[in-house]
Amino acid sequence: MRLGLILGEAGNGLRRNVSMVISVILVTFISLTFVGAAILLQMQIGQMKDYWYDRAQVAIYMCTDFDTTGNCTQTEATPAQIEAVKAQLESATLAPYVEKFEFETHEQAFKNFQTQFSDQPIAAFVTPDTLPQSFRVNLFNPNDADVLIESLSGSAGVQEVADQRAYLDQIFAVLNAASATAIGIAVLMLIAAVLLIATTIRLSAFSRRRELGIMRLVGASNRFIQTPFILEGVFASFIGSILAGGAIVAIVQFFVKGVLAQTLQTTTTLVGLSDALIVVPILIVVGALLAAASASVAISRYLKV
Amino acid sequence: MIRFDAVSKAYPGTTRPALNSVSLEILKGEFVFLVGASGSGKSSFLRLILREENPTKGAIHVLGQHLNSLPNRKIPYFRRNLGVVFQDFRLLPNKTVFDNVAFTLQVIGKSRGFIQEAVPDALKMVGLAGKSNRYPHELSGGEQQRVAIARAVVNKPAILLADEPTGNLDPATSAGIMTLLERINLSGTTVLMATHDAGIVDQMKRRVIELITGQIVRDERQGGYQTQAVPTQGFGSFERETAP
């Protein structure tokens with residue numbers, strides 16, 4: 001009986017305010033889509049960190065005939081110098097950090113280069129002897145790269161000791177900036193959504209102020225009076241968050257799994273549908289809570305006794 | 001039933017209080033007229049009983065509840081014991097007569113069965129048994145006020161507050177409304193009615209409380225609208241008499 005009455009009141013309010021309700025739906029839809037995108041980007045960054053930090057190596061580039069930087073003087077690193085570096089890697093000081101390492105010759109470097117840049121014109125200009133020989137070192141803990149850099153940078157015949165994570169950090173910085181932008185837009189849109197919900201509920205309450213006055217007069221409890229309005233707000237934002245959830249799933253399905261996965265092939269892992277399905281309930285809960293909070297604040301001035 | 005102990009009510013930004021140290025007691029089953037010029041504090045008095053306002057000073061007891069310390073969330077439950085009627089009826093235009101009266105019971109959570117029994121009873125009592133499916137705008141002013149009264153008493157309140165219920169009605173219709181209020185009073189409901197209608201007050205010969213600028217200047221059993229006994233000065237001396 002009472003539940004039916006409350007739902008009926010909420011339904012009346014929604015019908016009377018159709019245009020406002022639609023705008024609430026759209027604004028929550030857009031804002032929560034941005035929230036979802038930001039969450040997905042963070043998940044993507046996390047996955048990439050897991051994936052790449054495991055594979056990130058420290059590369060010790062040996063001199064070639066063309067290098068002038070580092071310890072090089074345009075002479076190829078001698079086998080003795082290479083052996084010295086290898087001995088250092090196997091020494092008692094460095095061995096505890098090193099999980100494994102392998103040596104990459106000119107030919108192997110050339111082959112890797114050709115496959116990596118096969119579709120770019122630069123591949124044609126590179127010869128094996130311009131590409132340095134290198135040790136590829138996997139560390140137990142990638143954070144220990146500095147130890148290697150310090151102890152090997154000064155060795156004869158070493159052009160550079162590079163921590164590949166430095167390149168990754170740049171990519172992550174870009175992704176983080178993108179996700180921060182998405183969060184910023186999401187926050188602005190959420191503020192707009194909250195204010196819009198509050199305005200809608202105020203309008204709805206204003207158009208029903210006679211009923212509200214009589215309800216207060218005859219002793220309807222505050223909860224009874226405010227519940228239909230809160231339900232109105234929650235209903236509108238619920239539809240918006242369902243749409244946002246749909247948009248997130250669609251983005252993953254068609255953009256990430258479709259376009260991105262095709263372009264990047266197997267070079268990195270990407271967020272999948274299972275991640276998107278984690279995001280959807282978060283969006284729905286966030287939307288419902290925000291709507292309920294702003295609606296109850298908006299209606300509170302009509303409850304003053 | 002209703003007791004005011006030295007109650008003052010001042011609205012912010014005004015120097016003169018709306019009610020100034022008012023003390024009185026209204027007993028169960030009484031029929032009390034509240035008279036006085038506009039701005040004399042009648043409406044503030046009723047609003048205080050309804051707990052729409054809190055007094056600035058003094059204590060108010062209604063139905064055994066100390067209103068000053070009644071927590072906000074309990075106010076709705078307190079108001080279920082009061083019925084209120086206004087000069088402008090305050091009916092919902094988009095609801096039928098039946099639904100207007102039933103609305104009161106719905107919002108306080110009464111069962112459908114109770115509503116189906118109580119609403120026709122109340123409408124019969126006010127003489128509108130045959131008009132339960134009409135809309136307020138199809139009724140005369142007197143009939144609309146009867147609907148409002150039915151709505152006020154359908155929940156069998158202990159106290160009925162009426163704020164100029166005949167203010168918009170002609171004398172004949174007013175007389176009908178007064179007969180109705182009298183009948184409600186006879187069934188045991190305390191009725192407190194603010195009015196400007198001298199004819200009604202003189203005719204009914206009930207207790208009359210007169211307010212002037214927020215002070216009680218007269219509290220007579222079986223009084224009239226105006227009394228010659230009251231001099232124009234020294235109103236304050238009457239206050240003591242009314243204090244129980």
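This is a predicted model: local features need pLDDT of at least 70, side-chain atom pairs count only at pLDDT 80 or more; totals for chains, interfaces and linings use all residues.
**Entry 1: two helices in chain A**

I began with helix 1 (residues 2-16) and helix 8 (residues 222-264) of chain A, whose axes come within 8 Å and cross at roughly 55°. That angle makes helix 1 of chain A oblique to helix 8 of chain A. I also looked up the handedness: helix 1 of chain A passes helix 8 of chain A in a right-handed crossing.

Which residues meet here? From helix 1 of chain A I noted A:Ile6, A:Glu9, A:Ala10, A:Gly13 and A:Leu14. Their counterparts in helix 8 of chain A are A:Thr227, A:Pro228, A:Phe229, A:Leu231, A:Glu232 and A:Phe235. Sorted by class, this contact has seven nonpolar, two polar and two charged residues.

**Entry 2: a sheet in chain A**

Next I followed four strands of chain A, which form an open sheet in the order 2-3-1-4 with antiparallel pairing. Strand 2 (98-104) and strand 4 (158-163) of chain A each have a single partner strand, so one side of each is left without a neighbour in the sheet. On average, neighbouring strands of this sheet are turned by 15° against each other, direction ignored.

I then picked one pair to trace: strand 2 and strand 3 (residues 134-139) of chain A are joined over six bridges, in the antiparallel sense.

**Entry 3: where chain B touches chain A**

How many residues of chain B are in contact with chain A? I noted 20 residues of chain B against 15 residues of chain A. On the chain B side, helix 2 (75-79) and helix 3 (97-107) are the elements that give two or more residues. That side has eight nonpolar, five polar and seven charged residues.

Terms used:
Residues are numbered from 1 along each chain as its sequence is written. Chains are lettered from A and ligands numbered from 1 in the order in which they are written. Axes are lines fitted to C-alpha atoms, for helices over the stretch in contact, and angles run from 0 to 180 degrees between N-to-C directions. Angles under 35 degrees count as roughly parallel, over 145 as roughly antiparallel, 65 to 115 as roughly perpendicular and the rest as oblique. A crossing is left-handed if the near helix is turned anticlockwise from the far one by less than a right angle, and right-handed if clockwise. Two residues are in contact if their C-beta atoms, placed from the backbone, lie within 7 Å. Ala, Val, Leu, Ile, Met, Phe, Trp, Tyr, Cys and Pro count as nonpolar, Asp, Glu, Lys and Arg as charged, and the others, Gly among them, as polar. Two strands pair if DSSP finds at least two bridges between them.
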